[in-house]
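User: Hi! Could you walk me through this model with a few questions and answers?

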Amino acid sequence: MSTYRPPLTDLAFVLEHVVGYPGVARLPGYEHADLDTVVDLLEQCGDFMAKVVAPTNQSGDVEGARRQPDGSVVTPAPFKAAYRQYVDAGWGSVPFPEEFGGGAFPWSVNLAIQEMTASANMAFALCPLLTQGAIDAILHYGDDAQKQRYLPNMISGEWTGTMNLTEPQAGSDVGALATRAAPNGDGTFAITGQKIFITYGEHDLAEQIVHLVLARTPGAPAGTRGISCFIVPKFLVNEDGSLGEHNPVTCLSIEHKLGIHGSPTCVLSYEGATGYLIGEENLGMRIMFVMMNSARLSVGTQGLAIGERAYQQALDFAQDRRQGLAIGADGKDSAIIEHPDVRRLLMTQRAYLAALRRMMLFNAVQMDHASHDQDGRAAARAGEVVGLLTPICKSFGTDLGTEITSLALQVYGGMGFIEETGAAQHYRDVRITPIYEGTNGIQAADLVGRKLGVRGGGSAMEFIATMREVEAELASAGDDFDLIRMELGRQFDALETATAWMLSTGSTDPDSALSGSTPYLRMWGLCVGGWLLARSALAGPATGDAEMAETQLVLARFYAEQLLPQCAGLLGAATAGSRDLFALDAGRLAGAVRRG
C-alpha cells in the first residue's frame, strides 16, 4: 500500500490560475491570506496529513470503532494520538473568526485542507468535518452566550460537534421526525427521542461532544415548518466553563458498515436531556441548512479526496506490476502501465480528478465572495452561483469518486479485490458519499426544483453564458485548442437545450422534470468540469513551466474528447419525461420474479 502524496502543485496552480483565489485574498478580512502564505500553509498541512494521519488509514479500517458495554465508544488505537496532534497543530481552526481562536482564512483554503485530510483518512476526517458544520450553525444563529460558551473549545478541536437529523421512521424525510423538546421552565428544554446515523455521536477523541439536535416543541406546526434546533452537550457546562454532569444522552449501538469502519456511526437516545434553543423556535431547518450546504460541498470533496488516494495507489501499482508484453517491447514482461487500456483507466481517473478539484475550489471561492465581497451585486451573484453549483458538486463529486475508485481497483485486477492491498478499502469508504448529506437524487431534485428557477432560470442561463466565454479564448489560443473548443461548444448546446426543457416543463409537469433530474445534473457536472479544464489549459503557459502547460493541455483535450461527450448522450434521458418510469407497477417491475 503506497504512501499518500498531497497534490500541492495542482492545488497551488488551481488557486492561482484557474479559480481566482488572488481576488479572494484582496477581500476585506483576508489581507493576511495572500497566495504565498496560503501555499506555505497547505505545504505544511500536506506534510502533516501524509506523515501523521495517512498512516492510520488502513489500520483504522481493520480495527474499527468499538462500542463498550457501558455505551462508550473506543476509536481505533492510532486515532487518538493523531487527533491530539491535529488539535495541537490547529488545522481545524483555520477558517474561523480570530475572536474565538480561529485563523480567519477563507473557506477555499479550508476546503483544500479538507481534501488532504479526507485523502489521508476519510474515517478520521469525518470528526473535524462534522465539528466545523456545528461551528457554522452556532456562528450564524447562536446568541452571544452560546458562542462564548461553545465556540472557543470547538474551534480549537478540544470539543467536537455533531448533526442530529435522522430518525428511524423518517430517513431523508426530516419533516417526519418525532423527537420532542419540552420546556423546563428555566429557558432550557428536555429533549427526548432517538437519532440514527450520527457520525462521531460518541467517541474517545475529545472530552466533550456538542450535539446539534432537531426536535419539535409543543404545538409546533407539522412537517419541516415545526422543527427547532437545540444544543445538547454530552456534558453540561458549568458557569465557569468546566464540564459538569453527564447529560442523559446514550449511545445505544454503532452501525456495522460497508466502509469508514474507523468512524463510529451511532444510534443515540435522548431521555429528557437538557437542550438549549438556537435562534427562535421553528427555525431548525434553516439552521441545519447552514450546516448541510457547507457539508455538501465538503462531501463532494470527499469523493475527490478518496479518488485521489485510490488513483495514487493504482498508479504506483501499474508501474510496479509487470505482466504481458507491450507493443514494441523487447521480449520481457512490461509494466502494465505500458498497456493502452491501463493507460485509459489511469488517464480517466487523472482527468476526472483534475476536473473535480477545480469545481470544488471554484465553488468555495464563490462562497468566499458571497460572504466577504463588499460589492453587494457581486456578493449576491456569487451566492447564486454557490446555490447552483453545490448540489452539482456534491453529486458529481461523489458519483465520480465512486467511479474513480472502481477504476483504480480495476487497475489492480484480481489483487484489487483483496483487502490487503488497500484498494478495496477506498471503494468501500467512498460508497457512502453519494448517500449521506442528502442522497444524490435529492441533490438533483434540489437542482431542478429550487436552484434552476432562480430569477426564472436567468441565474442558470447566465452561468452557461459565462462558461461559453471560454470558446472565444480557445479560438484565439491556436490550433492545439480547437478540439477542446469544438467539443465544449457542442456540449454547451446540449446543456442549454436540456435547461430550456427543464424550465418549460418543471412548472407544468414537475414529475417529468424530476424524472430527468439525475442525468441533467450530470450534464452540468461534465460541462463545468470541461470548462474549468479548458481554463487550466489556457492558463498553463502563464506558469512559465512547459511541462505544466503541456499537462494541462493534454488533460483538457483528453477530457473533451473522451469524457465530455457523455453530456450530449444524456440529453435524451434528461428530457424523456416520466411516462416509462411509471408505466410498470411493482408487480410488472418484478417480471418473472415471484415474491415469497
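Analyst: Happy to! One definition first: helices (H or I, at least four residues) and strands (E, at least two) are DSSP runs, numbered from the N terminus. Please keep in mind that this is a predicted model.

User: Between which two helices is phenylalanine 417 found?

Analyst: Phenylalanine 417 belongs to a nonpolar surface patch together with Met415 and Ile418. Phenylalanine 417 is exposed, at a relative accessible area of 69%. The loop that holds phenylalanine 417 runs between helix H11 (376-412) and helix H12 (423-430).

User: What is the radius of gyration of the protein chain?

Analyst: The chain has 21 helices and 11 strands. For 596 residues the globule rule gives 25 Å, and the chain comes close to that, so it is as compact as a globular protein of that length; its radius of gyration is 24 Å.

User: Is lysine 195 buried or exposed?

Analyst: Lysine 195 forms a salt bridge with glutamate 167, with the closest N and O atoms 2.9 Å apart. Lysine 195 lies in strand E5 (residues 189-199) and glutamate 167 in the loop between strands E3 and E4, so the pair ties together parts that are 28 residues apart in sequence. Glutamate 167 counts as buried at 2% relative accessibility. The cut-off for buried is under 20%, and with a relative accessible area of 0%, lysine 195 is buried.

User: Which residue meets glutamate 487 in a salt bridge?

Analyst: Side chains of opposite charge can pair when their charged atoms come close. With an N to O distance of 2.7 Å, the partner is arginine 490.

User: Which helix gives the most to the negative patch?

Analyst: The negative surface patch is formed by Glu16, Asp34, Asp36, Asp40 and Glu43. Glutamate 43 is partly exposed, with a relative accessible area of 41%. With 3 residues in the patch, the helix that gives the most is H3 (residues 35-53).

User: How far apart are the C-alpha atoms of threonine 508 and serine 294?

Analyst: Threonine 508 sits in the loop between helix H15 (482-506) and helix H16 (510-515), and is exposed at 64% relative accessible area. Along the chain, threonine 508 and serine 294 are 214 residues apart, and their C-alpha atoms are separated by 32 Å.

Notes: Residues are numbered from 1 along each chain as its sequence is written. This is a predicted model: local features need pLDDT of at least 70, side-chain atom pairs count only at pLDDT 80 or more; totals for chains, interfaces and linings use all residues. Side-chain values use heavy atoms; hydrogens and water are left out. Patches are made of residues with over 30% relative accessible area and no salt bridge: like charges are joined within 9 Å, nonpolar side chains (Val, Leu, Ile, Met, Phe, Trp, Tyr) within 5 Å. Accessible areas come from the Shrake-Rupley method with a 1.4 Å probe; for residues, only the protein chains shown count as cover. A salt bridge is a side-chain nitrogen of Lys or Arg within 4 Å of a carboxyl oxygen of Asp or Glu. Lys and Arg count as positive and Asp and Glu as negative; His and the chain ends are not counted. The place of a charge is taken as NZ of Lys, CZ of Arg, CG of Asp or CD of Glu. Buried means under 20% relative accessible area, exposed over 50%, partly exposed in between (1.4 Å probe, protein chains only). The radius of gyration is taken over C-alpha atoms; the globule rule is 2.2 Å times the number of residues to the power 0.38.
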